[in-house]
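Visitor: I am new here and would like a short tour. Could you show me the molecule before we talk?

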Amino acid sequence: MLPSIYFSGLEISTWRLAALGSVVICWILFLIRSKKLGYSFYTVFPWLLFALPVGTLGAHLFNKIIPVLAGAESASYSFSGLTVIGSIISVLLYSLLYIKYVMKTPPMQLMDAVAFTFPLSVLLGRIGCLLNGCCYGKIAPDSIKTSFLSIFTLPLDFYMPSSEVRQAYHDMPLNTLVWNLPLLFMLEAFVILVITEALYHKREKWNLYPGTVFVSAGAMYSGGRFFLEFMRKDEMVGNTIFNAWQLATLVLFLFFSFWLCFSLYRRRQNLSHNKGGV
């Protein structure tokens, strides 16, 4: 584990470096794509630049809302980090408004083009979670040690003594295996990235309604994360079997699913109209 690096006596969080690095990489790749699509650098870059503080503020705000949803204050709900869910919601609202009213262009085509940065930023950013020892999983069953599923776990002695996971399992043997939740999130993001890019490059051939690629990525992410959250070590909300993150992703999943159904319905209408006009 490497939660921090030191440069000339200055402590730098590797988690924050990973988050910043993922943003920069996504910026570069999208700027290249947007140029090919005919968008001006001076039009697109301010949108991306202002999305950074918007996403950061939205993430921190959501980290304050989580304890309220859970009904309890807990160390796992501290203000120490960001939350992907808060970033998604804040940046989505900001982007739709900025593209429509500032760039003065239909937002959905551009949202489809930028959709790949959704899973890519999660894939790269979760490296920081792995190095930091946060977003940790539950204790894996003993039977996992002798199965191939052990590649998705980590022993407690892999983590720094000061990390959140070691503090949470301070009374457990150091050879205890816990689910490597950041790795599972990264694998989910990789699969979504592949599917999202496949949809984007086939969007014209399949006559997809604008926005379908983006909302598909959102539905896949929120749906997949809902189930992966069962492996997280966290407090449950009230008497339910769900943690606060799951309830938040469930709301996101329903939102993106309804939006996706609407997009597919509009696609069907367009196809019927085109056939009727022939």
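Visitor: Where is the place of R268?

Guide: Welcome! This is a predicted model, where local features need pLDDT of at least 70, side-chain atom pairs count only at pLDDT 80 or more, and totals for chains, interfaces and linings use all residues. Residues are numbered from 1 along each chain as its sequence is written, and side-chain values use heavy atoms, with hydrogens and water left out. Helices (H or I, at least four residues) are DSSP runs numbered from the N terminus. On that numbering, R268 sits in helix 9.

Visitor: Is R268 buried or exposed?

Guide: Buried means under 20% relative accessible area, exposed over 50%, and partly exposed in between, using a 1.4 Å probe and protein chains only. R268 has a relative accessible area of 63%, so R268 is exposed.

Visitor: And R16, which class does that residue count as?

Guide: R16 is found in helix 1. Its relative accessibility is 46%, so R16 counts as partly exposed.

Visitor: Why is helix 4 largely enclosed by the rest of the structure?

Guide: Among the buried residues of helix 4 are P107, M108 and D112. Helix 4 is largely enclosed because the number of its eight residues that are buried is seven.

Visitor: Which residues touch the most other members of the largest nonpolar core?

Guide: A nonpolar core is a set of buried Ala, Val, Leu, Ile, Met, Phe, Trp, Tyr and Cys residues joined through side-chain atoms within 4.5 Å. The largest one has 45 residues. Helices that each supply at least two residues of this core include helix 1 (14-36), helix 4 (107-114) and helix 9 (244-277). The members that touch the most others are F30, W47, M111, F214 and F256.

Visitor: What is F256 in contact with, leaving aside its neighbours within four places in sequence?

Guide: Contact means heavy atoms within 4.5 Å. With those neighbours left aside, the partners of F256 are L92, F214, V215, G218, A219 and S222.

Visitor: How are helix 7 and helix 8 oriented to each other?

Guide: Axes are lines fitted to C-alpha atoms, for helices over the stretch in contact, and angles run from 0 to 180 degrees between N-to-C directions. The axes of helix 7 and helix 8 come within 10 Å and cross at roughly 160°. Angles over 145 degrees count as roughly antiparallel. Helix 7 and helix 8 are therefore roughly antiparallel.

Visitor: How far apart are the C-alpha atoms of R16 and G128?

Guide: Along the chain, R16 and G128 are 112 residues apart. The separation of their C-alpha atoms is 7.0 Å.

Note on methods: Angles under 35 degrees count as roughly parallel, over 145 as roughly antiparallel, 65 to 115 as roughly perpendicular and the rest as oblique.
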